[in-house]
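Hello,

Here is the structure I promised to pass on. Please open it first, then read my notes below.

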Amino acid sequence: MGGVSERVEMLAELVTGGGVVVLSGAGLSTESGIPDYRGPSGAARRHTPMTYQTFTGDAQARRRYWARSHVGWRTIARAAPNDGHRAVARLQRAGLVDGIITQNVDGLHTAAGSDQVVELHGRLDEVSCLGCGNGTSREELHRRLTEANPGFDARAVAVNPDGDVDLDDEAVARFRVVDCTLCGTGMLKPDVVFFGETVPAARVARCFAMVAGARLLLVLGSSLTVMSGRRFVLRAAKEGVPVAIVNQGPTRGDAYAALSVDAPLGVLLPALAERACAARPLAR
């Protein structure tokens, strides 16, 4: 189907028609310093991802999670939108992108200026009490955890897209967890969907409606390995909505794609935005 340059031209023609819904994954945030699980910058986890059942039922596992996440938050909090995020926001300002479904929990689409963003798996910068439901910011929790753990200077070996890191057992053992300040006893959990949890039904329904009403589903930086994201590609195929995929490496949605481009998003997306917006000079 031609080289990358030719495919970018073809992609620009598709996007210029408008009515685009973006489905983004961890690969879009790698150039912001947040590694992917499976892409070129990814590294395999050395531990099993936290499940909701383990988090709520095992105090030691919860301590381990918060110790690792406390260290990893330093990287997530410093992350800023990259050229790919800004290009998506530009396409949206131009009236070409109607909405964004993101599997990421880093909030970088919103930070780049996009709106109509559905954060499928929640946001890492928000925290809720599982007892009383009180919500706080992650920055506030980070301050409290820092105060509760003076001298805790563990360093991350590697940071995962959800802010989790690898720490040795000695560092975890001396970490102190804090509870809700409102009810005093409730356990705190980041507002992200853990393994073993389900995405709220209303959120999924909104995403399905976005896909069904789209003229094009544009997948950015997702291998579509898990059904949480791949289901929207399957729904697009069922609804007759064309799918275009930009990712480094193959995806589990390639068989459904009208067009696939294997290229770095931070390079391709600005070029795509420039060409698509130039074709619609009144929509800037």
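Of the contacts in the protein chain with a separation of 6 or more, 73% join residues 24 or more positions apart. A contact here means heavy atoms within 4.5 Å.

Some ground rules. This is a predicted model: local features need pLDDT of at least 70, side-chain atom pairs count only at pLDDT 80 or more, and totals for chains, interfaces and linings use all residues. Residues are numbered from 1 along each chain as its sequence is written, and side-chain values use heavy atoms, with hydrogens and water left out.

Now the overall make-up. The protein chain has 10 helices and nine strands. These are DSSP runs numbered from the N terminus: helices are H or I with at least four residues, strands are E with at least two. The chain has 284 residues, and 51% of them count as buried. Buried means under 20% relative accessible area, exposed means over 50%, and partly exposed is in between (1.4 Å probe, protein chains only). The accessible surface of the chain is about 12500 Å². Carbon and sulfur atoms hold 51% of that surface. Areas come from the Shrake-Rupley method with a 1.4 Å probe; for residues, only the protein chains shown count as cover.

Two residues deserve a look.

- Gln116 is not a glycine, yet its phi is positive, near 50 degrees. Gln116 sits in the loop between helix 5 (108–111) and strand 3 (117–119). Its relative accessible area is 45%, so it is partly exposed.
- Leu224 is not a glycine either, and its phi is positive at about 55 degrees. The loop between strand 7 (216–220) and helix 9 (227–239) holds Leu224. Its relative accessible area is 1%, so Leu224 is buried.

Best wishes
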